[in-house]
Amino acid sequence: MAAEELRASGTPFSLSFSGSGFLVLYQVGVVQSLLELAPELLKSACKVYGSSAGSLIAAAVVYDLKEVFYANAREVRKTLLGPLSPKCSLLANIKTVLQRWLPEDSYQVASGRLHISLTRVVDGQNVMVSEFNSKEELIQALLCSCFLPIYCGFIPPSYRGVRYVDGGFTGLQPVSSLEEAVITVSPFTGELDICPRDCPAIFYCFQIFNGSIQISVENLCRISYALFPPSIMVSQALFLLL
């Protein structure tokens, strides 16, 4: 169902942002476009789901995060091995940024509306968290959802005393089975509501971790960009690719 039809019908709907790595700039571009062209769409979404880097995008409904992600990408590209360099700490950079721009009452605004996908280490099960008791607890949940083992380190962060890793492992495109209508946003071409369009051959799509990805050369390039930040010129093109 189209976004306009959802608003017109009054049907409750939610937004879902997939895991995206450094392609998160595409999703930031989506949010900024919606803020400029259809701000009521973002305001009326009853829930906002996010997985991995996509879990950070819900805040873009209120805050301009474009420069934040550009800055993080620039820092990573300064090292020879990029995010795999011992000198690079993605989670530390993200934590510093979150502590700086999240207001003290952010956890109150997020509780009940922001749903973060996590993968529990002890049993590999997906856990969706949506209630937070403090700003620090909210930040910890976001860090857990973004933690890719080895890539981000060896010791997973914890949320409420339990260790979690990247939510994309078990919920790449997080949604609730009880949701009647969800607008899905992903930087990868697939059977999704908002995503890049490469070709109409949707039968080449496959399902992975509750997400949809089309088999294409373009998507293979996007996967590499998701793990290793592209140049600023490519990043800006991703931001504008709507």
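Select I208 first. Leaving aside neighbours within four places in sequence, I208 is in contact (heavy atoms within 4.5 Å) with L172 and I213. This is a predicted model, in which local features need pLDDT of at least 70 and side-chain atom pairs count only at pLDDT 80 or more, while totals for chains, interfaces and linings use all residues. Residues are numbered from 1 along each chain as its sequence is written, and side-chain values use heavy atoms, with hydrogens and water left out.

**Stop 1: I208**

Stay on I208. It lies in strand β8. Helices (H or I, at least four residues) and strands (E, at least two) are DSSP runs, numbered from the N terminus. I208 is partly exposed, because its relative accessible area is 28%. The scale is this: buried means under 20% relative accessible area, exposed over 50%, and partly exposed in between (1.4 Å probe, protein chains only).

**Stop 2: R197**

Go to the loop between β7 (182-185) and β8 (205-208); R197 is there. Is R197 buried or exposed? R197 counts as exposed, because its relative accessibility is 55%. Then pick E218. R197 and E218 are 21 residues apart in sequence and 9.8 Å apart in space, C-alpha to C-alpha.

**Stop 3: G171**

Select G171, in the loop between β6 and β7. G171 counts as buried, because its relative accessible area is 5%. Which residues does G171 touch, not counting those up to four places away in sequence? They are S51, S117, N126 and F209. Draw a distance from G171 to N126: 6.8 Å, C-alpha to C-alpha, for 45 residues of sequence between the two positions.

**Stop 4: V48**

Move to strand β2 (residues 47-51), where V48 lies. V48 is buried, with a relative accessible area of 3%. Leaving aside neighbours within four places in sequence, V48 is in contact with L15, F17, A58, R113, L114 and H115. Take A58 from that list. V48 and A58 are 10 residues apart along the chain, and 6.3 Å separates their C-alpha atoms.

**Stop 5: the cores**

Select L98, I116, V129, F132, L138 and Y159. Of the 45 residues in the largest nonpolar core, these touch the most other members. A nonpolar core is a set of buried Ala, Val, Leu, Ile, Met, Phe, Trp, Tyr and Cys residues joined through side-chain atoms within 4.5 Å. Which helix gives the largest share of this core? Helix α7 (residues 135-146) does, with 7 residues.

Centre on F132. Leaving aside neighbours within four places in sequence, its contacts are Y107, A110, S111, L114, I116, E137, L138, A141, Y159 and R160. Another core, of 5 residues, lies apart from the largest one; among its members are L23, F188, I213 and A226.

R160 is found in the loop between β5 (158-159) and β6 (162-165). Phi of R160 is near 55 degrees, a positive value in a residue other than glycine.

**Stop 6: the largest pocket**

Select S20, G21, S52, D166 and L227. Of the 30 residues that line the largest pocket, these are the closest to its centre. The pocket has a volume of about 660 Å³. On a 1 Å grid over the protein atoms alone, a pocket is an open set of points where a 1.4 Å probe fits, with protein on both sides within 12 Å along at least five of seven lines; lining residues have an atom within 4 Å of a point. The volume is the space filled by probe spheres set on the points.

Colour α2 (24-37), α4 (66-77), α5 (90-101) and α8 (217-227). These elements give two or more residues to the lining. By class, the lining has 23 nonpolar, 6 polar and 1 charged residues.

Zoom in on S52, in the loop between β2 and α4. S52 is buried, with a relative accessible area of 9%. Its phi is positive, about 55 degrees, although S52 is not a glycine.

**Last stop: the whole chain**

Zoom out. The chain has 9 helices and 9 strands. Buried residues make up 51% of its 242 residues.

Definitions and conventions
Nonpolar A, V, L, I, M, F, W, Y, C, P; charged D, E, K, R; others polar.
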